[in-house]
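This briefing sets out the helical arrangement, the aromatic contacts and the confidence of one model. Please read it alongside the sequence and the coordinates shown here.

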Amino acid sequence: LLADTHKAYGQPLLGTLKRLWNFWPLLGVCCGFGLLAWLPFDLWLASLDADTRFSREFRLIPGLLAGVAYVGCLFSMLLLQIHRGALSAEQQRLLGRLLPFAWLRSYCAARHSINRDDSAPKICTRRR
């Protein structure tokens with residue numbers, strides 16, 4: 001990832017590291033959800049005999065729980081990006097079309113803006 005980003009932007013290594021640094025909070029969210037999903041499953045599945053653990057019927061519930069954890073992880077990363085003001089103008093427009101909820105607009109207003117660039121379109125407006 002470091003080498004590809006460095007080549008794509010053709011900038012000094014420090015500039016590339018600064019670009020990648022913005023993604024560390026998202027990695028933390030993924031690792032947190034990974035541990036929260038893996039540890040209980042590991043302890044639960046280790047307590048079962050092999051026939052039960054590997055049966056097709058038994059895999060349905062853990063599979064559904066893993067799907068819920070995955071959606072929760074994605075939603076948490078989205079909220080983190082909104083909170084940090086790290087969405088691009090295009091992402092903001094898409095989010096405004098997909099999630100036209102009042103709570104999202106009020107959260108944005110509380111954060112003053114999603115993107116710190118005042119020329120970019122916002123999904124919510126700053127009250128002055």
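Rings of Phe, Tyr and Trp, the last taken by its six-membered ring, count as a pair if their centres lie within 6.5 Å. By this rule, the structure holds three aromatic pairs. The model is predicted, and the mean pLDDT of its protein chain is 76. The chain contains seven helices and zero strands.

**Overall architecture**

- Read from one end of the sequence to the other, the elements follow the pattern α-α-α-α-α-α-α.
- The protein chain has 128 residues, of which 21% are buried.
- Of the contacts between residues at least 6 apart in sequence, 49% join residues at least 24 apart.

**Packing of helices α1 and α2**

- Helix α1 spans residues 2–9 and helix α2 spans residues 13–21; their axes come within 9 Å and cross at roughly 115°.
- The crossing of α1 with α2 is right-handed.
- On the α1 side, the contact is made by Leu 2, Thr 5, His 6 and Tyr 9.
- On the α2 side, Leu 13, Thr 16, Leu 17, Arg 19 and Leu 20 take part.
- Sorted by class, this contact comprises five nonpolar, three polar and one charged residues.

**Aromatic residues**

- A pair of aromatic rings is described by the distance of the centres and the angle of the planes.
- For Phe 41 and Trp 44, the centres are 6.2 Å apart and the planes lie at 25° to each other.
- This pair is classed as stacked because planes under 30 degrees apart count as such, and the angle for Phe 41 and Trp 44 is 25°.
- Both residues belong to helix α3 (residues 24–46), where Phe 41 and Trp 44 are three residues apart, about one turn of the helix.
- Phe 41, Trp 44 and Phe 58 together form one aromatic cluster.

- Leaving aside residues up to four places away in sequence, Trp 44 touches Phe 58, Ile 61 and Pro 62.
- Trp 44 and Pro 62 are 18 residues apart in sequence, with a C-alpha to C-alpha separation of 10.0 Å.

**Confidence of the model**

- In the protein chain, 80% of residues reach a pLDDT of 70 or more.
- Over residues 114–128, pLDDT stays under 50.
- For residues 114–128, the model has 38 contacts beyond four places in sequence.

Note on methods
Residues numbered from 1 in each chain as written. Predicted model: local features only at pLDDT ≥ 70, side-chain atom pairs only at ≥ 80, totals over all residues. Heavy atoms only, no water. Axes fitted to C-alpha atoms, helices over the stretch in contact; angles between N-to-C directions. Helix = DSSP H or I, 4+ residues; strand = E, 2+ residues; numbered from the N terminus. Left-handed = near helix turned anticlockwise from the far one by under 90°. Contact = heavy atoms within 4.5 Å. Nonpolar A, V, L, I, M, F, W, Y, C, P; charged D, E, K, R; others polar. Phe/Tyr/Trp six-rings, centres within 6.5 Å; stacked < 30°, edge-to-face > 60°. pLDDT = per-residue confidence, 0-100. Buried < 20%, exposed > 50% of the residue type's maximum accessible area, 1.4 Å probe, protein only.
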